[in-house]
Amino acid sequence: MARLISAIEMVAGIFLVLIAALTVTEATLRYALGMRIPDAYVGATALQGIAIAWGIACTTWTRRHITVDAIYELSPRGMQKAMNVFSSAVTFAAMLTLMIMLWRKTASSLDSGEVSADLLLPLWPVVAATAAGIAAASILGLLRLGRDILELRTR
């Protein structure tokens, strides 16, 4: 599992590097030479969505997202385990719903032939890559939920 999470983090990190490179290059070209990269804004937005989706997949498994855990820390161990199950169930349900909607959006983008403004690149692969990240989050959320249920049952 550690290798899978590491690979997912690598995917998210690569997309963050691409966003930074695209943004710096676009800004440099625009201000230094008065030129622009076609579809740079669309590209950066697409890359950002993909990076966020794959980042969510990592945090779903590792629970490294932002939390406020004052009540959790003060609760007995059994209550903490129950809270973990509840939060994992909510996270899984949210990711599953988002995944379904993103795959529907992928299908509608493919069917409608949506393209970018300048280069006329199809947009469905971007939505599909984002949906794949959320699908990974859904699968990892289900695995996390199963793990939390097992921990709850073992007192």
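On a 1 Å grid over the protein atoms alone, a pocket is an open set of points where a 1.4 Å probe fits, with protein on both sides within 12 Å along at least five of seven lines, and lining residues have an atom within 4 Å of a point. A volume is the space filled by probe spheres set on the points. This is a predicted model, in which local features need pLDDT of at least 70 and side-chain atom pairs count only at pLDDT 80 or more, while totals for linings use all residues. Residues are numbered from 1 along each chain, and side-chain values use heavy atoms.

Select Arg 63, His 65, Thr 67, Asn 84 and Ser 87, which lie nearest the centre of the largest pocket among its 15 lining residues; about 340 Å³ of space lies there. Helix H4 (77-112) gives the most to this lining, with five residues.

Next, display H2 (residues 40-62) with H5 (residues 124-153), whose axes, lines fitted to C-alpha atoms over the stretch in contact, come within 8 Å and cross at roughly 5°. That makes H2 roughly parallel to H5, the term for angles under 35 degrees.

Finally, select Arg 144 and Trp 61: the charged end of Arg 144 sits over the ring, 4.8 Å from its centre (CZ of Arg within 6 Å of the ring centre and within 35 degrees of the ring normal).

Terms used:
Axes fitted to C-alpha atoms, helices over the stretch in contact; angles between N-to-C directions. Helix = DSSP H or I, 4+ residues; strand = E, 2+ residues; numbered from the N terminus. Parallel < 35°, antiparallel > 145°, perpendicular 65-115°, else oblique.
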